[in-house]
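Student: I have a protein model open and would like to learn how to read it. Could we go through some features together?

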Amino acid sequence: MVIFFRVIANPQVGSGHVFRSLTLAHEMHGNNISFITEHSDKETVEKIVDGQFRIINEKKESIIDRLLSEGPDIVVNDILNTEIDDVVPLREKGIKVVNFEDLGVGASYSDITINELFETPLIKSKNILWGNKYFFVREEFENAREHKSSKKLNAVLLSFGGIDKLNCTLRAYLAIKDACILHDIKINIVTGPGYLEFDHLKKLTQKDKNVILSNTPGVISSIMEKCDIAITSNGRTVYELAHMNIPSIAIPQHDREGTHEFASSKTGFIVLNKNDPQSDEISRDISNAFQSLITDDDLRKKLFLRMKNYKFDDNRKKVIDLIIDK
């Protein structure tokens, strides 16, 4: 079976779309798999895929024609909002089309659209599946050791995706560094392949003995195993943290992340969504929320127990079966 993953990765949307498609591609061994992306996203996509699969780069206006010429059996669109022209020409040729995280007009025209990051349906269409029961973690989490509740805090994780255009990583670090020194808490900072401020952050943290800075570490699950709490954006990472039972502070980086409803006090998160992620107020809010998280054992235990209800490793097979009709 010939399967194409159409993906995007840039400072505006991050790199999670490529990682999601890459996880699915790994599980579909035995098929002829390729990735296709726009010229503007080529560098980031190639860095993440790292030679594991064939990648085709095309002008945006030429991608559908190129896909049709390749003759795939299935096209998986992980490009955010699609248009009718992204879907219908493929389906008219008998190609199955599966979309992810799609609130565009094209979402209703696919065979299946999977909107796992949105708990409340935003579009009325029978082909669209909603909510965390369709979210799946990457393979690395299958054997990861889940966090156990403990009053002793050893480390905090800071992770804001593969690109972190707003540089929330630096803002969060500066907001918590003094408290971490005071309470002897290590700071594990994980940035992604598209993070442009890595060298600046490295220079700022190089004298801080309690900071461990990683860029494209490969397996974030092994770092999460060492962390008791976390501060993150409101994307896919919140599900991974819930899967690992790590009470966390979630900060939506843009309006779309603000519509992701999974992270809440009911699922084990403190969500800071009142202010612009670049404002001075959010720095104050991060500091205050972090103080509560590290000093209030009862709060942390409550968040931990709420997270224990969520596990996302079995959903991967469910989603793959939907894609290839097993």
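Tutor: Happy to! Contact here means heavy atoms within 4.5 Å. This is a predicted model, in which local features need pLDDT of at least 70 and side-chain atom pairs count only at pLDDT 80 or more, while totals for chains, interfaces and linings use all residues. Residues are numbered from 1 along each chain as its sequence is written, and side-chain values use heavy atoms, with hydrogens and water left out.

Student: Where is Asn245 found? And is Asn245 buried or exposed?

Tutor: Look in the loop between α8 (237-243) and β12 (248-251). Helices (H or I, at least four residues) and strands (E, at least two) are DSSP runs, numbered from the N terminus. For the second part, we use relative accessible area: buried means under 20%, exposed over 50%, and partly exposed in between (1.4 Å probe, protein chains only). Asn245 has a value of 1%, so it counts as buried.

Student: How do I read a sheet?

Tutor: Strands of a sheet pair through backbone hydrogen bonds, either parallel or antiparallel. Two strands are counted as a pair if DSSP finds at least two bridges between them. Here, an open sheet of 6 strands has parallel pairing and the order β10-β9-β8-β11-β12-β13.

Student: Which strands stand at the edges?

Tutor: Those are β10 (211-215) and β13 (269-271); each has a single partner strand, so one side of each is left without a neighbour in the sheet. From one strand to the next, the twist averages 15°.

Student: How many bridges join β11 to β12?

Tutor: There are 4, and the two strands run parallel. In this pairing, Ala230 stands opposite Ser248 in β12. On to the next pair: β12 and β13 are also parallel, over 3 bridges, and Ala250 stands opposite Val271 in β13.

Student: What packs on the sheet?

Tutor: Helix α5 (residues 168-182) does, touching β8 (155-159), β9 (186-191), β10 and β11 (229-233), and its direction makes about 170° with that of β9. Such angles run from 0 to 180 degrees between N-to-C directions, with axes as lines fitted to C-alpha atoms, for helices over the stretch in contact. Helix α10 (residues 280-295) lies across β8, β11, β12 and β13, at about 165° to β12.

Student: Which residues of β12 are on each side?

Tutor: In a regular strand the side chains alternate between the two faces of the sheet. In β12, Ser248 and Ala250 are on one side, Ile249 and Ile251 are on the other, and all are buried, so both faces are covered.

Student: How should I read a salt bridge?

Tutor: It is a side-chain nitrogen of Lys or Arg within 4 Å of a carboxyl oxygen of Asp or Glu. A search of the whole structure finds 21 of them. In one, the side chains of Arg316 and Glu27 meet at 3.4 Å, N to O. Arg316 lies in helix α12 (residues 315-324) and Glu27 in helix α1 (residues 16-27), so the pair ties together parts that are 289 residues apart in sequence. Arg316 is buried at 3%, whereas Glu27 is partly exposed at 31%.

Student: What does Arg256 form a salt bridge with?

Tutor: Its partner is Glu101, and the closest N and O atoms are 3.8 Å apart. Because Arg256 lies in helix α9 (residues 255-258) and Glu101 in the loop between β5 (96-100) and β6 (112-115), the pair ties together parts that are 155 residues apart in sequence. Glu101 is buried, with a relative accessible area of 6%. For another example, Asp285 and Arg284 meet in a salt bridge at 3.2 Å, N to O. Asp285 is buried at 9%, while Arg284 is partly exposed at 46%.
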